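Subject: Structure handover and notes

Dear colleague,

I am passing on the structure below, together with notes on what was found in it. Please read the notes with the coordinates open beside them.

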Amino acid sequence: MRSPRRCSRNGCPRQAVATLTYVYNESTAVVGPLAAFAEPHTYDLCEPHARSLTAPRGWNVVRHEGEFEPPPPSADDLVALAEAVREAARPAPPRPPGDDQGGAPQHHHNPQTGRRGHLRVIPPNH
């Protein structure tokens, strides 16, 4: 599933809701609604960072005055979510005879394919 875009500020875990673009020939920083796609030379920002952004001395900041809202989920997001729910609902494969652990389930690592904890190992394409 595609992850929501995150704020470009170092260490910020928040979801991006705005895009910062620099217009160098006009010495202007423009903070507007989140662009449809991540573009080179732009920065995604969360709402607190979008609202508090300051520009270098001599530069202007043009800021969107409306509400910053996260983008709605796309059809790809919804399909990926449905697939993840479907996979999680599948019953676990039966254990081979004589594999009675008698306690907590053991997670075996198979280098080709399988599950390990909450991660799924996918073999490389050859």
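The protein chain exposes about 10000 Å², and carbon and sulfur atoms supply 55% of that area (accessible areas come from the Shrake-Rupley method with a 1.4 Å probe, and for residues only the protein chains shown count as cover). This is a predicted model, in which local features need pLDDT of at least 70 and side-chain atom pairs count only at pLDDT 80 or more, while totals for chains, interfaces and linings use all residues. Residues are numbered from 1 along each chain as its sequence is written, and side-chain values use heavy atoms, with hydrogens and water left out.

Of the 126 residues of the protein chain, 17% count as buried (buried means under 20% relative accessible area, exposed over 50%, and partly exposed in between, with a 1.4 Å probe and protein chains only). Among contacts between residues at least 6 apart in sequence, 50% join residues at least 24 apart, where contact means heavy atoms within 4.5 Å.

The protein chain has two helices and six strands, which run β-β-β-α-β-α-β-β from the N terminus on (helices, H or I with at least four residues, and strands, E with at least two, are DSSP runs numbered from the N terminus). Four strands form an open sheet of mixed pairing in the order S3-S1-S2-S4, two strands being paired if DSSP finds at least two bridges between them. Its edge strands, each pairing on one side only, are S3 (42–45) and S4 (60–63). Strand S1 (residues 18–23) pairs with strand S2 (residues 28–33) in the antiparallel sense over six bridges, and Val30 in S2 is the bridge partner of Thr21.

The structure also holds four aromatic pairs (rings of Phe, Tyr and Trp, the last by its six-membered ring, pair if their centres lie within 6.5 Å; planes under 30 degrees apart count as stacked, over 60 as edge-to-face and the rest as tilted). One of these joins Tyr22 and Tyr43, whose ring centres are 6.1 Å apart with planes at 70°, so the pair is edge-to-face; Tyr22 lies in strand S1 and Tyr43 in strand S3, 21 residues apart. Tyr22 is partly exposed, with a relative accessible area of 27%, and Tyr43 is partly exposed at 37%. The rings of Tyr22 and Trp59 are likewise edge-to-face, because their centres lie 5.9 Å apart and their planes stand at 85°. Trp59 sits in the loop between helix H1 (47–52) and S4, so its pair with Tyr22 in S1 ties together parts that are 37 residues apart in sequence. Ring pairs link Tyr22, Tyr24, Tyr43 and Trp59 into a cluster.
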